[in-house]
Amino acid sequence: MRAYFLAGSPVKLIITGTAVAILLQAAFVLSGFPTSLTLERAFPTNHLVDLNELRVRDSFRHPRILQQQSSVASVVSFPVQGTYDPYRVGLYYTTLHLGSPPKQYYVQIDTGSDILWVSCSSCKGCPKSSALQIPIQSYDPSTSSTASLISCSDHRCLLGTQSSDSSCSGSNNQCSYTFHYGDGSGTSGYYVSDLIHLETIVGNSIPSNASASIVFGCSTSQTGDLTKSDRAVDGIFGFGQQGLSVIAQLSSQGISPNAFSHCLVGNGAGGGILVLGQIIEPNMVYTPLIASQPHYNINLLSISVNGQILSIDPSMFATSSSRGGTIIDSGTTLAYLTEEAYDPFVDAITQSVSQFVEPLRFKGSQCYIVASSTPEIFPTVSLNFAGSASMILRPEDYLQQQISVDGASVWCIGFQKSQVQGITILGDLVLKDKIIVYDLGSQRIGWANYDCSMLVNVSTMSSGGTNEHVNAGQIGGSNSLQDECKKMILMMVVFQLFVVFVFS
């Protein structure tokens, strides 16, 4: 920790025994190891883009989706930075501290894959710089005193081979992996075991530092878009649910719950929260995850516009060997409807507002010229899922404002027609301003509309319960959970010192 002092006259501070205890507690927290995981979203300066460019970005995102207990001790917090705005093209990433001594790595958050991997010092094709203005660093297991290679006989290697992404080299008995992505990019390397350093919170206590040994990939080769420096990071942090995901590993060790949650601010203030734990909110509704799927698939039954269920065959949303089903993916900017559902959805919206707007086609999207700068005249949409769980969409959750025409606003439907057979993908356009809970222990996903700039309660129980953590994270601005606790502790110290000095 750096300490800064103002130049000038010396300061004398006489402290009683009580005050010493107070200051020691504060000093312990304020000088703690900086293991807060900072999640950022990077945007280029020329951030205004149209829906066509967003569709292109998402078309590359989708092929990158890899094919293929009881209560726990604490909640792990990832403070979020950045503003949700689909016209600012970027990516979500966080910082991890790995190894001994710990080093910081910037990794992309990816709910469509399972494995955490970072670039190795011997990597071929790995970018050396990033237009995101972040330092690019490679991992070298030989410089970490806690690193070890994973052999083919290690049971953890078998977890990787279950998804057909891992292999073993008979020549060196080393557990290796190769990931191929549909956009032509790929990475290969070998698995290592090393420490990950985390900021955790137990109950209503102050944040503390924890570390755990996890298996992750050491990338020795990258191809395609992964070699480009425009959005280069040190690796990818898979948030999937397979055995080698960091979530599964930390949960099995009792470090964190078998659940994670996020809540993304949808207005200009930006920010949000991402935690390993289950956010508790009274208005949460849940729908079951579809079993044995590599992604977060849920069962969409119908779509309602203004309370009227659209005439769409429910089998069009089903998950099967020939249809991809409905997927929750926070890495997708817009939202995508299966081809059979797209036209009925757009037609229902158009019919609902036909008396108040002038429809037009703009760059392949259905748009509307509206006199008002706000979209209140548009109907409410309901996505109805198994388990009587409905996701209520405001107009802002399915529309995007585009250009202006003679002073009038142009609003376009942000839902796009899926180019992948039988797949519906719900991205940030839909997920913003909602708590989204991935309760992996109970195999369900839940949501509730929420002001994501507010504090939240987080439980360490994978399926609810009474073991909750009040105000476990704060959304908004760039302050981390530890920063907020520092402020509170400093205020406590000042107040208690005042009391000691006045009454002693």
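A nonpolar core is a set of buried Ala, Val, Leu, Ile, Met, Phe, Trp, Tyr and Cys residues joined through side-chain atoms within 4.5 Å, where buried means under 20% relative accessible area, exposed over 50% and partly exposed in between (1.4 Å probe, protein chains only). The views below come from a predicted model, in which local features need pLDDT of at least 70 and side-chain atom pairs count only at pLDDT 80 or more, while totals for chains, interfaces and linings use all residues. Residues are numbered from 1 along each chain as its sequence is written, and side-chain values use heavy atoms, with hydrogens and water left out.

**View 1. F345, F378 and F415 touch the most other members of the largest nonpolar core.** This core has 73 residues, and helix α5 gives the most to it, with seven residues. Helices (H or I, at least four residues) and strands (E, at least two) are DSSP runs, numbered from the N terminus. Start at F345 and look for its contacts (heavy atoms within 4.5 Å): F345 touches I303, V305, L310, L337, V381, Y398, I413 and F415, not counting residues up to four places away in sequence. A second, separate core of 15 residues includes V265, V275, C452 and V456. In soluble globular proteins, nonpolar side chains tend to be buried together.

**View 2. Helix α5 lies across strands β17 and β23.** The helix runs at about 20° to β17; axes here are lines fitted to C-alpha atoms, for helices over the stretch in contact, and angles run from 0 to 180 degrees between N-to-C directions. How far apart are the end C-alpha atoms of α5? They are 23 Å apart, which agrees with the 21 Å that its 15 residues should span at 1.5 Å a residue (the expected span is 1.5 Å times one less than the number of residues). Buried residues of α5 include A341, Y342, F345, V346, A348, I349, T350 and V353. An α-helix has 3.6 residues a turn, so residues three or four places apart point the same way. In the loop between α5 and β21 (358-362) you will find S354, which counts as partly exposed at 44% relative accessibility. S354 and F378 are 24 residues apart in sequence, and their C-alpha atoms are 9.9 Å apart in space.

**View 3. Four strands form an open sheet in the order β18-β17-β23-β24.** The pairing in this sheet is antiparallel; two strands pair if DSSP finds at least two bridges between them. β18 and β24 stand at the edges with a single partner strand each, so one side of each is left without a neighbour in the sheet. Strands β17 (residues 300-305) and β23 (residues 381-385) are joined by five bridges, and S302 stands opposite N384 in β23.

**View 4. Strand β5 (residues 116-124) pairs with β11 (residues 235-238) in the antiparallel sense and with β10 (residues 208-223) in the parallel sense.** Three bridges connect β5 and β11, with W117 opposite I236. Four bridges connect β5 and β10, where S119 has S219 as its bridge partner.

**View 5. All five residues of strand β13 (residues 272-276) are buried.** G272, L274 and L276 point one way from β13, whereas I273 and V275 point the other way. In a regular strand the side chains alternate between the two faces of the sheet. Strand β12 (residues 259-264) runs antiparallel to β13, and four bridges join the two. One place to look is H262, whose bridge partner in β13 is L274.

**View 6. E340 and R323 meet in a salt bridge, with N and O 3.1 Å apart.** A salt bridge is a side-chain nitrogen of Lys or Arg within 4 Å of a carboxyl oxygen of Asp or Glu, and by this rule the count comes to nine. E340 belongs to helix α5 (residues 339-353), while R323 sits in the loop between β18 (308-309) and β19 (325-328), 17 residues apart. Are these two residues buried or exposed? E340 is partly exposed at 33% relative accessibility, whereas R323 is buried at 11%.

**View 7. R394, D397, K432, D433 and K434 are linked in a network of salt bridges.** D397 forms a salt bridge with K432, their closest N and O atoms being 3.4 Å apart. D397 lies in the loop between β24 (389-393) and β25 (399-405) and K432 in the loop between α6 (428-431) and β29 (434-439), so the pair ties together parts that are 35 residues apart in sequence. D397 also forms a salt bridge with K434, at 3.3 Å between the closest N and O atoms; K434 lies in strand β29, 37 residues apart from D397. D397 is buried at 1% relative accessible area, and K434 is buried at 1% too. K432 is also buried.
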